[in-house]
Amino acid sequence: CMFEQTGGMFPELVTRSDMNVFLPPIGGQTVYVFGPVEYCRDPSKKCTVRVHDECNGSDVFGSDICTCRPYLVHGIEECVRTAQEGGVGVIVYFRKEGRSLGEVTKFLVYNARKRQEGGDRAETYFHRTACVAGVEDMRFQELMPDSLHWLGITKIDDLISMSDMKYNAIVDSGIEVRHHLFLTF
């Protein structure tokens, strides 16, 4: 299908039987697996997952205006802990910078949040984003579980996420989530 949909751009996907490749349908992503990758397909093994959307401001530059980096670090720590205890941990790192609004828009939102009356407050985050960008969030999560399915994951014991959109997309795709762990710092 990928070969046909891309006008034959990736002939190796159909000509090389030794390749097992997942290409995300939108944007890019990197998947980090802690522990044996075959454990992803084994429902008897504990599985911890963090689906993280890219945030250069925090992940790369350490900005303190958002909590993305601490959430990513916490997800990595929990995935490593699960692997050390005999399970598997998976970090899916999506290239959806700034709620898919782009990096420049995100930094405009950050600046507006810092200058608003009363300072930066969590309860005004989405409102300020809508004022600057016209929408609160442009991420489309329905295709997000594809990489989890490709890995063979049918059950997640611990989903480390603040996002109901991600949780709902995973569950609606048929993957069981036993614990949705909200992050608090």
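The following dialogue goes through some features of a predicted model.

Student: How do you know how far to trust the protein chain?

Tutor: pLDDT is the predictor's confidence on a scale from 0 to 100. The mean for the protein chain is 82, and 82% of its residues reach 70 or more.

Student: Where is confidence lowest, and where is it highest?

Tutor: Helix H1 (residues 2-5) is lowest, at a mean of 50, while strand S4 (residues 155-160) is highest, at 97. Where pLDDT is low, the predicted coordinates should not be read in detail.

Student: Why is Leu108 called partly exposed?

Tutor: Buried means under 20% relative accessible area and exposed means over 50%. Leu108 has 48%, so this residue falls in between and is partly exposed. Leu108 is found in helix H5 (residues 103-115).

Student: What is the strand order of the open sheet?

Tutor: The five strands are ordered S1-S3-S2-S4-S5, with mixed pairing.

Student: Why do strands S1 and S5 stand at the edges?

Tutor: Strand S1 (29-34) and strand S5 (176-181) each have a single partner strand, so one side of each lacks a neighbour in the sheet. On average, neighbouring strands of this sheet are turned by 25° against each other, direction ignored.

Student: How do you know that S4 and S5 pair?

Tutor: Pairing requires at least two bridges. Five bridges join S4 to S5, so these strands count as paired, and they run parallel. Among the residues involved, Ile156 has Val177 in S5 as its bridge partner.

Conventions: Residues numbered from 1 in each chain as written. Predicted model: local features only at pLDDT ≥ 70, side-chain atom pairs only at ≥ 80, totals over all residues. Heavy atoms only, no water. Helix = DSSP H or I, 4+ residues; strand = E, 2+ residues; numbered from the N terminus. Buried < 20%, exposed > 50% of the residue type's maximum accessible area, 1.4 Å probe, protein only. Axes fitted to C-alpha atoms, helices over the stretch in contact; angles between N-to-C directions.
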